[in-house]
Amino acid sequence: MPSSVALDGRPPAAGGEIEAELLDFSYTVSHDLAASFRHQAGFSRLLLEELGGRLTSRQQSHANHLLAASDKCQLMLEQLLVHSRLQQKALSLTRVEADQVVGLVLLQLSVQIAEAGAKVTCEPLSDVLANRDLLTLALHHLIENAIKFRRSGYPPRIAISCAHDAQTWRVRISDNGVGVRSAFREKAFRMFQRLNPEGVYPGLGAGLAICRRIARRHGGEVSFLDSEDGAIVELALPRAPGDTAQATAA
């Protein structure tokens, strides 16, 4: 039986090589399309400035929809680039003080916390072997979601706790928000999947997908746990580096 070949006459690529090629392709396409949408939005704004007040209200509405669509596409492609980059480079791990990372994230989100009237409590967290920048990004998305997906009339109440064992470092973020039904929990981790109608909550539906990619690059996982009220999401990372990461000195 003859061996199979690719359409260009080369032998078929191995699974890892195919995945690398797809990652390179998605990165290149996302980068180029994002640039195109930036140009489209930029020149559209210049055109509108030159037209001044000569547009009818209907024409202005059409132009606003065009700009909004361009901006959304650009943001989506930028998130795809973030998602793609997470798998591109070697992952260096250091001993990270998780308490400091959470403190930094809460500082980054201080405006959203104040505007929502949120109360955030945090248990002491032990150190973890991780990439500091990626851990910060993952916790930022998870805590931001706990602030964002709140019930109307109920200020967010967010508790950050730890549930470590000998093999795994775990941090849990609990809230009193709208929660996620068990049937939709996996869907919530898909890129650009929104569980609520567009416009009800801000965002593109990329944060949880990025968190899962970060966790799995560390050899860990992120998932929703059962909760009687609101949502509980757990980020679990191994205490020892896996095959996907390279540990370095702090």
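Ser 161 touches Glu 123, Leu 125, Arg 170, Val 171 and Arg 172, leaving aside residues up to four places away in sequence; touching, or contact, means heavy atoms within 4.5 Å. This is a predicted model, where local features need pLDDT of at least 70, side-chain atom pairs count only at pLDDT 80 or more, and totals for chains, interfaces and linings use all residues. Residues are numbered from 1 along each chain as its sequence is written, and side-chain values use heavy atoms, with hydrogens and water left out. Let's start with the whole protein and then work through its parts.

**The overall plan**

- The protein has six helices and eight strands; here helices (H or I, at least four residues) and strands (E, at least two) are DSSP runs, numbered from the N terminus.
- Of the 250 residues, 34% count as buried. Buried means under 20% relative accessible area, exposed means over 50%, and partly exposed lies in between (1.4 Å probe, protein chains only).
- Among contacts with a separation of 6 or more, 71% come from residues 24 or more positions apart.

- Strands of a sheet pair through backbone hydrogen bonds, either parallel or antiparallel. In this briefing, two strands pair if DSSP finds at least two bridges between them.
- Angles run from 0 to 180 degrees between N-to-C directions, and axes are lines fitted to C-alpha atoms, for helices over the stretch in contact.
- β2 and β4 (residues 157-162) run parallel and are joined by four bridges. Val 120 has Ile 158 of β4 as its bridge partner, and Thr 121 has Ala 159 of β4.
- β4 and β5 (residues 168-175) run antiparallel, again with four bridges. A hairpin of five residues joins β4 to β5, and Cys 162 has Val 171 of β5 as its bridge partner.
- Where is Ser 161? Ser 161 belongs to strand β4, and it counts as buried because its relative accessibility is 17%.

- How many of the 11 residues of α6 (residues 207-217) are buried? Nine are, so this helix is mostly covered.
- The buried residues of α6 are Gly 207, Leu 208, Ala 209, Ile 210, Cys 211, Arg 212, Ile 214, Ala 215 and Arg 217.
- After α6 comes Gly 219, whose phi is positive, near 85 degrees.
- Two packed helices are described by the angle between their axes and the distance between the axes. For α5 (residues 132-148) and α6, the angle is about 145 degrees and the axes are 9 Å apart.
- On the α5 side, Leu 134, Leu 137, Ala 138, His 141, Leu 142 and Asn 145 make the contact, and on the α6 side Gly 207, Leu 208, Ile 210, Cys 211 and Ile 214 do.
- α5 passes α6 in a left-handed crossing. A crossing is left-handed if the near helix is turned anticlockwise from the far one by less than a right angle, and right-handed if clockwise.

**Residues to look up**

- Leu 93 lies in strand β1 (residues 91-96) and counts as buried because its relative accessibility is 2%. Leu 93 and Arg 132 are 39 residues apart in sequence, while their C-alpha atoms are 7.6 Å apart in space.
- Leu 104 and Thr 136 are 32 residues apart in sequence, and 7.9 Å apart in space from C-alpha to C-alpha.
- The charged end of Arg 151 sits over the ring of Tyr 154, 4.4 Å from its centre. A charge sits over a ring if NZ of Lys or CZ of Arg is within 6 Å of the ring centre and within 35 degrees of the ring normal.
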